[in-house]
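Please walk me through this protein model.

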Amino acid sequence: MNINRDRLWHNLMHLGKIGRNEAGGITRLSFTPEEKEAKAFVADLMEQASLAVDEDAMGNLFGRREGRNPQAPAVLIGSHVDSVVNGGMFDGTAGVLSGIEVLHTLQEHGWQGSHPVEVVAFTDEEGARFSTGMLGSQALVGQLTQEALDSHKDADGMSVAEAMKEAGYDPLKLREAKRDPSTVKAYLELHIEQGKVLESQGLSVGVVTGIVGLRWLHLTLKGEAGHAGTTPMKLRRDPLAAASVVMAYLEDTVKGEADTVGTVGQLRVRPGGINIIPGEVELTMDIRSLSRATLDKVEQALRQFIDDICQERKVHCALDVLHRLEPVSCSPGIVDTIENAVKETGLDLFHLASGAGHDAMVMARMTDVGMIFVRSKDGVSHNPKEWTEKDDLGDGADVLLKTVTALAR
């Protein structure tokens, strides 16, 4: 029993048209018309696969195929259909559509295990709109708060709660999205690698062993704006100069730690004149590592350095945590099952860690988790050039199929 590669590819190409701009980039932010259209298409595919379709209070979309014992905990397959701004067509969607294809294949072959199998398209994994991600999976495990819905806002000042209302959801029903952990046996996620490891090995599929943890920090530095020509250097309170030192310190610090990276992804300078000393600077820092101890160590060192440099330069600082996720190891039993599926598919076995965050790391708080990576061309992701070959995706979906049947049996 194998999945229908032509059907999976056709569905992926169709979904890739939703939210696409003229240059080929895709933007499907959470609670927007583009995301709504994508979910409607996914719901239609679920119905074509004879799944029972449901949507929870957070907008997570589910398709369920019953097992011989409907009361048994379900094997859950998931990912997301939202995107970053001007992103690619494979990130997240490859996992959702592969999950639907697996269930469609089971339906066509009349295969039914003891356990139900479900596929879920999570809401807002990326965090591109509200600078905080994995909202749907956090709601499912019961760790998303009403306060977070009110406090996190987009660039236009609209909160998550307000965006939900505008899209037809009731943020006051958030708690209804929480799921009883006893109803989930395991969580599986197929995803493009978003890196070059599999490509460097000449392999289409990899078994994920763990997922990095991350810290998203927002730093505001306030000094004193002034004339660029008439203010002596020794009298300046320049927040951008302070920010440059902080950025260099972050880079030097993470270079000294194994499996750790740091990125400044956003930088805002006010007032922004070519001949004006800035008065205020905002920047974001993304820190990732497979070690929680390393994340804590880097964050603590960074906080101390920022305090010291701001005191030295007479600049006021405020450091806020936007998002915090701890590293996750994939469940050994699930890893073993995926390994067997890889061998059964006739592929070479290869293990790797994920440098990107995924809903699986949130679901690990509820149940056993496992991930399957498929090869990314040139390692490109979050970019219109993101690409995975049809047969590579097909290999991954076949491994997912065999993993699901083993767990649901």
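The model is predicted.

The largest nonpolar core has 80 residues. Inside this core, Ile100 and Met363 have the most contacts. Helix α12, residues 390–408, supplies the largest share of the core, eight residues. Now look at isoleucine 100. Beyond its neighbours within four places in sequence, isoleucine 100 is in contact with Val42, Leu45, Met46, Ala49 and Val119. Another core, of 20 residues, lies apart from the largest one. Leu221, Leu250, Val298 and Ile309 are among its members.

Two or more lining residues come from each of α4 (135–141) and β12 (316–325). Strand β12 gives the most, with five residues. By class, the lining has six nonpolar, five polar and three charged residues.

Finally, turn to lysine 222. This residue belongs to strand β7, residues 213–222. Is lysine 222 buried, exposed or partly exposed? Its relative accessibility is 41%, so lysine 222 counts as partly exposed; that class lies between the cut-offs of 20% and 50%. Leaving aside neighbours within four places in sequence, lysine 222 is in contact with Arg237, Pro239, Gly279, Glu280, Val315 and His316. Take glycine 279 from that list. In sequence, lysine 222 and glycine 279 are 57 residues apart. In space, their C-alpha atoms are 5.9 Å apart.

Note on methods
Residues are numbered from 1 along each chain as its sequence is written. This is a predicted model: local features need pLDDT of at least 70, side-chain atom pairs count only at pLDDT 80 or more; totals for chains, interfaces and linings use all residues. Side-chain values use heavy atoms; hydrogens and water are left out. Helices (H or I, at least four residues) and strands (E, at least two) are DSSP runs, numbered from the N terminus. Buried means under 20% relative accessible area, exposed over 50%, partly exposed in between (1.4 Å probe, protein chains only). Contact means heavy atoms within 4.5 Å. Ala, Val, Leu, Ile, Met, Phe, Trp, Tyr, Cys and Pro count as nonpolar, Asp, Glu, Lys and Arg as charged, and the others, Gly among them, as polar. A nonpolar core is a set of buried Ala, Val, Leu, Ile, Met, Phe, Trp, Tyr and Cys residues joined through side-chain atoms within 4.5 Å.
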